[in-house]
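Morning, everyone. Have the sequence and the model open while I talk.

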Amino acid sequence: MANSQINSFILYLKIRAKAYIYKTRHPSFGCGVWSPMLKIRFHGRGGQGVKTSSRILGRAAFLDGFVAQDSPIYGAERRGAPVISFTRISKTPITERGFIFDPDIVIVMDETLLNDWLARPLDGVKKGGAVFVNAQPGFPPPEGHDDKFFITYDLTGRALEILGKPIISSPSAAAAAKITGLITKSSVLEATADELAELDLKDELLEKNIQLAAEVYDAIPSPVINTEESGSITREISPLDYEPVTYEEVIHLDIANLGNSALRRTGNWRIFKPVVDPEKCTGCMVCIIYCPDSCITLNENNKAVIDYDNCKGCMICLRECPLRAISSVREVRVYA
Ligand code: SF4
Ligand code: SF4
């Protein structure tokens, strides 16, 4: 027998052995409760690592002997814009494709998405399913969802402490893996290393990501997920509500005008908030020229003023200000 055939046979035996171990540990998997597959939906914002999270989870599931599929969905790439990605895990070939409308598990990588009328991350989550929310301590579970498990952890806070960046792909994948109750820590860490190495991360940052993923995996509980197929699936597409413009406004339209959708205020996209120091600001207007959302104006004292309803926190203004008059402050949401 050729070496490659022997290796394939050994791999086959390993997969069968792992599948056997999981079947004995999780008798419900594939036997009617989650049959035929476990569906995980990630909701985050551009720049948080949403797509990579679902890839790490899918790879980890594969390493543990499951069939896995992952895919993202997003529009024009914009930092801060809502992004979704999906992972399906099964014991048998997956023929379903596309959007997951009825997830068993939802990972909300930014709690402000819970109030985003278009993102609607809780839509369709099955009864008995689990929702993980990346939120600061004290976050209250949303009302009307008593039939689901809510788990929270401040992933952004820990990512800032360990990585120095608010990128949470590895800890989000680790949280999802732990919540499934199926995926081993070693597989999540191996998948994290593999996926991030493909993104050419430096060794030091890669190791920190693995450290963070391991911490989150250990800290997150693994609830017994017992979903019902009759979950509150919502598939209707609601029309956008917008503020109509008048004829007068149309003929005087300015290229720098803000979008007029009442539901598209981008102020809740921010993880960091730009803050102008009026003592340093000279009113040079460089930030006004560079702000992609026309959120900055000068006040009567010739100082830059930011429209926080629409500022999405891209921090281009901070980078461009020649006087270093703009600083970055993390958005803190305090829960009673
Ligand atoms: S670029 Fe800096 S100094 Fe110039 S207006 Fe903006 S905040 Fe002020
Ligand atoms: S004000 Fe600054 S952070 Fe906000 S959208 Fe404009 S450039 Fe980005």
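Start with helix 3. Its buried residues pack against strand 5 (130-134), strand 6 (149-153), helix 4 (169-180) and helix 6 (203-219). Which residues of helix 3 are buried? Within the span 155-162, they are L155, T156 and A159. Looking down the axis of helix 3, these buried residues sit within an arc of 95 degrees, so they line one face of the helix. A reminder on geometry: an α-helix has 3.6 residues a turn, so positions three or four places apart point the same way. After helix 3 comes G164, with a positive phi near 80 degrees.

A word on confidence, since this is a predicted model. Mean pLDDT for the protein is 83. Of its residues, 77% reach 70 or more. Where does the pLDDT stay under 50? One such stretch is residues 25-34, with 13 contacts in the model beyond four places in sequence. Residues 230-237 also have pLDDT below 50. For that stretch, the model has 13 contacts beyond near neighbours in sequence.

Now the cores. The largest nonpolar core has 51 residues. Which members touch the most others? They are A60, I107, F132, A173, A176, A177 and V188. Take A60 from that list. Beyond four places in sequence, A60 contacts A173, A177, I183, S187, V188 and A191. Another core lies apart from the largest one. That separate core has 12 residues, including A304, C311, A325 and I326. The general background: in soluble globular proteins, nonpolar side chains tend to be buried together.

On to the ligands. How many residues surround ligand 1? There are 13, and C281, C284, V286, C287 and C321 are the closest. By class, the ligand 1 shell has 11 nonpolar residues, 2 polar ones and no charged ones. Ligand 2 has 13 residues around it. C291, C311, C314, I316 and C317 come nearest to ligand 2. Its shell splits into 10 nonpolar, 1 polar and 2 charged.

Is C314 buried or exposed? C314 has 23 C-beta neighbours inside 10 Å; the cut-off for buried is 20 or more, so C314 counts as buried. Leaving out neighbours within four places in sequence, C314 contacts R79, G80 and P292. Look at G80 in that list. C314 and G80 are 234 residues apart in sequence, yet their C-alpha atoms are 7.4 Å apart in space.

Where is D200? D200 is in the loop between helix 5 (185-198) and helix 6. Its phi is positive, about 65 degrees, although D200 is not a glycine. D200 is exposed, with 7 other C-beta atoms within 10 Å. Then S294, in the loop between helix 8 (286-290) and strand 8 (296-298). Phi of S294 is positive too, near 50 degrees, and S294 is a residue other than glycine. With 15 C-beta neighbours inside 10 Å, S294 counts as partly exposed.

To recap two points. The buried residues of helix 3 line one face.

Key. Residues numbered from 1 in each chain as written. Chains lettered and ligands numbered in written order. Near = placed C-beta within 6 Å. Nonpolar A, V, L, I, M, F, W, Y, C, P; charged D, E, K, R; others polar. Helix = DSSP H or I, 4+ residues; strand = E, 2+ residues; numbered from the N terminus. Arc of directions from axis to C-beta. Contact = placed C-beta atoms within 7 Å. pLDDT = per-residue confidence, 0-100. Core = buried A, V, L, I, M, F, W, Y, C linked by C-beta atoms within 7 Å.
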